[in-house]
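Here's a quick briefing to read with the model open beside you. Take a look at the picture, then work through the points below.

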Amino acid sequence: MTKQCSKCKEVKSLSHFGVHKGNKDGLSCWCKHCRKTIEYNKRYANIEAYRNKVRAKHAANPRLRKSIDLKSLYGIDIEQYEQMLRNQNGVCAICKQLETAVHNKSKQTVELCVDHCHKTGKVRGLLCNHCNRAVGALKDNPILCYSAGDYLKSYFSSSLNLISSNLPNKAS
Ligand SMILES: [Zn+2]
Ligand SMILES: [Zn+2]
């Protein structure tokens, strides 16, 4: 016994058709393969529609987008980030400067990044791009940081002046 699929027009044995009680022969008019493809496409279209909806929502509300990112990456929300920013007077916790790095695509100044301990995941503070990378390059190790400082200091006679002139706290 065979039946023609009304979708792909192929003639297939009855085992290729699923049950559909409403039909005269009790079988679906589309073969199992066609039905599967159609259901997959329908689901895929739904997922895409859902994704587009979420994208539009985030585009309309960048603060919400950022909050979701912060939560998934560092376990903090936007309110906690903004509180940290206020506590640091809006500047980097190390160089005490405003962020200057620019986003590749948007060409806008990026926000201070959340510095966290890679071992414990614990959030430490907000750093500019440079300092964040510098700390990472020194393996998050205070002893290496001090050692780097001592090394550089030995090449500057007026190292103290250098440090104080580079660490303004004008924002406070
Ligand atoms: Zn078919
Ligand atoms: Zn910095």
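**The big picture**

The protein chain has six helices and six strands; here helices (H or I, at least four residues) and strands (E, at least two) are DSSP runs, numbered from the N terminus. Its radius of gyration is 30 Å, well over the 16 Å that the globule rule gives for 172 residues, so the chain is more spread out than a compact globule. (The radius of gyration is taken over C-alpha atoms, and the globule rule is 2.2 Å times the number of residues to the power 0.38.) Keep in mind that this is a predicted model: local features need pLDDT of at least 70, side-chain atom pairs count only at pLDDT 80 or more, and totals for chains, interfaces and linings use all residues. As for labels, residues are numbered from 1 along each chain as its sequence is written, while chains are lettered from A and ligands numbered from 1 in the order in which they are written.

**Confidence**

- The mean pLDDT of the protein chain is 89, and 91% of the residues score at least 70; pLDDT is the predictor's confidence in each residue, from 0 to 100.
- Which elements have the lowest and the highest mean pLDDT? Helix 6 (residues 159-166) has the lowest, at 57, and strand 2 (residues 11-13) has the highest, at 96.

**Overall layout**

- Taken along the principal axes, the box filled by the C-alpha atoms is roughly 95 × 30 × 30 Å.
- The domain assignment gives domain 1 (26-60) and domain 2 (91-163); such bounds come from an automatic or database domain assignment.
- The centres of domain 1 and domain 2, taken over C-alpha atoms, are 47 Å apart.

**Helices**

- Helix 1 (residues 32-60) has 29 residues and reaches 42 Å from its first C-alpha to its last, close to the 42 Å expected at 1.5 Å a residue. The expected span of a helix is 1.5 Å times one less than its number of residues.
- The number of buried residues in helix 1 is zero, so helix 1 lies largely in the open. A residue is buried if 20 or more other C-beta atoms lie within 10 Å of its own, exposed if 12 or fewer, and partly exposed in between, with C-beta atoms placed from the backbone.
- Helix 2 (residues 62-74) has 13 residues that should span 18 Å, and its end C-alpha atoms are 18 Å apart, which agrees.
- Is helix 5 largely in the open or buried? The number of buried residues among its twelve is zero, so helix 5 lies largely in the open.

**Core and contacts**

- Buried residues make up 8% of the 172 residues in the protein chain.
- The largest nonpolar core has eight residues: Val91, Cys92, Leu112, Val114, Leu126, Leu127, Cys128 and Cys131. A nonpolar core is a set of buried Ala, Val, Leu, Ile, Met, Phe, Trp, Tyr and Cys residues joined through C-beta atoms within 7 Å.
- What does valine 114 touch, not counting residues up to four places away in sequence? The list is Leu70, Tyr74, Tyr81, Val123 and Leu126; two residues are in contact if their C-beta atoms, placed from the backbone, lie within 7 Å.
- Among contacts between residues at least 6 apart in sequence, 32% join residues at least 24 apart.

- Asparagine 89 sits in the loop between helix 3 (78-87) and strand 5 (113-116), and its phi is near 55 degrees, a positive value in a residue other than glycine.
- Asparagine 89 counts as exposed, with 12 C-beta neighbours inside 10 Å.
- Aspartate 140 is in the loop between helix 4 (129-137) and helix 5 (142-153); its phi is positive too, about 55 degrees, although it is not a glycine.
- Aspartate 140 is partly exposed, with 15 other C-beta atoms within 10 Å.
- Valine 102 lies in the loop between helix 3 and strand 5 and, leaving aside neighbours within four places in sequence, is in contact with Lys107, Gln108, Thr109 and Val110.
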